[in-house]
Amino acid sequence: MDGMMTAALAPSAHRDSFARDNLPPREQWPVFLLDRPEFQYPARLNCAVELLDRNIERGRGDHPALVTPAETLTYRELADRVNRIANVLTTQLDFVPGNRVLLRSANNAWMVAAYFAVLKAGGVVVATMPLLRAKELGQMLRKARISHALCDARLAEELRKADAPELRHLVTWGDGRLEAMCDIACAEFAACDTAADDVCLIGFTSGSTGEPKGTMHFHRDMLAICDGYSAQVLRPEPSDVFIGSPPLAFTFGLGGLVLFPFRVGATAVLLEKAPPEELPAQIAQHRATVCFTAPTAYRVMAGLASQHDMSSLRKCVSAGEALPKPVFEAWQQATGLKLMDGIGATEMLHIFVAAREDQIRPGATGLPVPGYRARVVDEDGAEVPRGTPGRLAVQGPTGCRYLADPRQAQYVQHGWNITGDTYVQDEDGYFWYQARNDDMIISAGYNIAGPEVEVALLTHPAVRECGVVGAPDGERGMVVRAYVVLHPGHAADDATAKALQDHVKREIAPYKYPRSIVFVDTLPRTETGKLQRFALRQRAQQDTAA
Ligand code: 3UK
């Protein structure tokens, strides 16, 4: 293990050494567990070759890799486009290995082709969410010293407004520009001979506040999540058809909609917009078998299941937020399938605690993914007894490496990745989510986990969605406040509020019930589908002040 931490990195293929130069200092790295046979990668490794070109070598060249409303591309056709874009970068845009390339697009085939072109050419991908504005794009462009951008023409305006002195080339597709450059480019491209530990992705994550953090991942990390979580927990087949909603700029979507299907030569259906109201029809139309989306989406989709033929589905993964047990049950009722919950993080690249279908305990997140270790620790990093809440700490083949960021020392402590979540581990080793560390509400001396109150509220038939936070209170310090979106046909009045309060008191310890209930039309969510509790907390402050 020590060897793992101090081993020298293999010679880099990068001619622009920015990424490696800005890795955190070695003493701030987490421990990487790479001893298992499935993680024994060769020192020279290009993940685009392994994930894309290998499929053609293995005879899957004519199998559909990507299905989108606009086009279907076989592995061979996708590889052709990837090679042309890689040649455009290297011969027409004076790109050198190690350069950072920003990608900006909804989920479509050009986005994936551009992604793999950058990987294959030895560049560093910085994928960005479509909804980001010039200000946020500018922060990333400057922080990662980005020289090139490939962008869907429909989203270029915001990018052009960003303040980015080092951005030298911005090329758009969809308007014929990148297409024209590809037409004159060669369809063969020799992959850059990257090191397994060359950086290939900087995934930005905003957290609830503050400057976005850039998480750096190596070529080998992209394969480790396929050979870890996907191969051992998800266990997809080459005949699978993947579908889902998370943006490819979110590593949940990258893994679930591109890397995992490609590692086994399967097919991915990419949708630019996949709201939960529309996903069931898409699943039916494409006979999709594996679905990746957020817990709230499954809740909406469960209500629509009777109107669509989703019988093709065989595996459904939920991540991004805690999966409330009532949603697990509603999905099982509607489809007969056990939702596969998993906690992942941008820092860890993908999911590290989850369970195979035969090991699922409804309400628990699961067990450490094979290759990972997880434990619940106190403030000093010492393991707490089973059954005691504490901070979740993990190690595995992937881990946190922030781009030039003092917050590295917060996320990595004593060689462990500290995710910022409060968990309980039970006697059988299962991990039960409690809350984000800062989502604990302290009211009249009691510790109350907001998500637990949300789960109780969600079992009431009037509740469509809810968010529970602490609101300032003169007497109790804080009171539990629920922001509730009702299903149509229920009145937002005192009688409903009282009914919800009584319901919670019957479901969980009565002191946890929401003393304050506010009915709202929508809840604030991030583009990755997470409830923005900090926004609700701010609102609770203002509402109380008013
Ligand atoms: C929370 C969960 C309870 C948790 C992600 C799968 O969400 C992902 O990455 P982010 O960096 O956020 C990480 C944080 O989100 N969380 C995620 N999944 C769960 N909480 N149960 C869950 N199942 O607070 C975690 O620390 O946006 C998820 C794969 C890749 C990802 N990047």
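This is a predicted model: local features need pLDDT of at least 70, side-chain atom pairs count only at pLDDT 80 or more; totals for chains, interfaces and linings use all residues.
Biologist: How is a polar contact defined here?

Modeller: The term stands for a pair of N or O atoms within 3.5 Å, where, within protein, one atom must be able to donate a hydrogen and the other to accept it, and residues adjacent in sequence count only if both atoms are side-chain atoms.

Biologist: Where in the fold does D197 lie, and is D197 buried or exposed?

Modeller: Helices (H or I, at least four residues) and strands (E, at least two) are DSSP runs numbered from the N terminus, and D197 lies in the loop between helix 8 and strand 7. As for cover, buried means under 20% relative accessible area, exposed means over 50%, and partly exposed is in between, with a 1.4 Å probe and protein chains only; D197, at 10%, therefore counts as buried. E188 belongs to that loop too, between helix 8 (177-183) and strand 7 (199-205), but its relative accessibility is 59%, so E188 counts as exposed.

Biologist: How far apart in space are E188 and F18?

Modeller: Their C-alpha atoms are 28 Å apart, while 170 residues separate E188 and F18 in sequence. Another such pair is Q28 and L132, which are 104 residues apart along the chain and have 30 Å between their C-alpha atoms. Q28 is found in the loop between helix 2 (18-21) and helix 3 (47-57), and its relative accessibility of 28% is why Q28 counts as partly exposed.

Biologist: Let us turn to the ligand. Which residues are closest to it?

Modeller: A residue is near a molecule if one of its heavy atoms lies within 4 Å of it. Here 22 residues surround the ligand, and the closest are D341, G342, T346, D421 and K530. A backbone N or O atom of G342 lies 2.7 Å from a nitrogen atom of the ligand, and a polar side-chain atom of T346 lies 2.7 Å from a ligand oxygen. R436 also takes part, with an N or O atom of its side chain 2.9 Å from an oxygen atom of the ligand.

Biologist: Which elements give two or more residues to the shell around the ligand?

Modeller: They are helix 10 (251-263), strand 13 (340-344), strand 19 (416-425) and strand 20 (431-436). Strand 13 supplies the largest share of that shell, 4 residues.

Biologist: How many aromatic pairs are found in the whole structure?

Modeller: Rings of Phe, Tyr and Trp (its six-membered ring) pair if their centres lie within 6.5 Å, and planes under 30 degrees apart count as stacked, over 60 as edge-to-face and the rest as tilted. The search finds 15 aromatic pairs. In one of them, the ring centres of F242 and F292 are 6.4 Å apart and the planes meet at 15 degrees, so this pair is stacked. The pair links distant parts of the chain, 50 residues apart, with F242 in strand 9 (residues 241-244) and F292 in strand 11 (residues 290-293). Both F242 and F292 are buried.

Biologist: What is the arrangement of Y446 and Y511?

Modeller: They form a stacked pair, 3.8 Å centre to centre with 15 degrees between the planes. Y446 lies in strand 22 (residues 446-449) and Y511 in the loop between helix 16 (494-507) and strand 25 (516-519), so the pair ties together parts 65 residues apart in sequence. Y446 is partly exposed, at a relative accessible area of 40%, and Y511 is partly exposed too, at 32%.

Biologist: Which residues do ring pairs link into a cluster?

Modeller: The cluster consists of Y229, F242, F250, F252, F260 and F292.

Biologist: Finally, what is the phi of H414?

Modeller: Phi of H414 is near 55 degrees, a positive value in a residue other than glycine. H414 is placed in the loop between strand 18 (412-413) and strand 19, and at 63% relative accessibility it counts as exposed. A444, likewise a residue other than glycine, has a positive phi near 45 degrees, and lies in the loop between strand 21 (440-443) and strand 22. At 43% relative accessibility, A444 counts as partly exposed.

Key
Residues are numbered from 1 along each chain as its sequence is written. Side-chain values use heavy atoms; hydrogens and water are left out.
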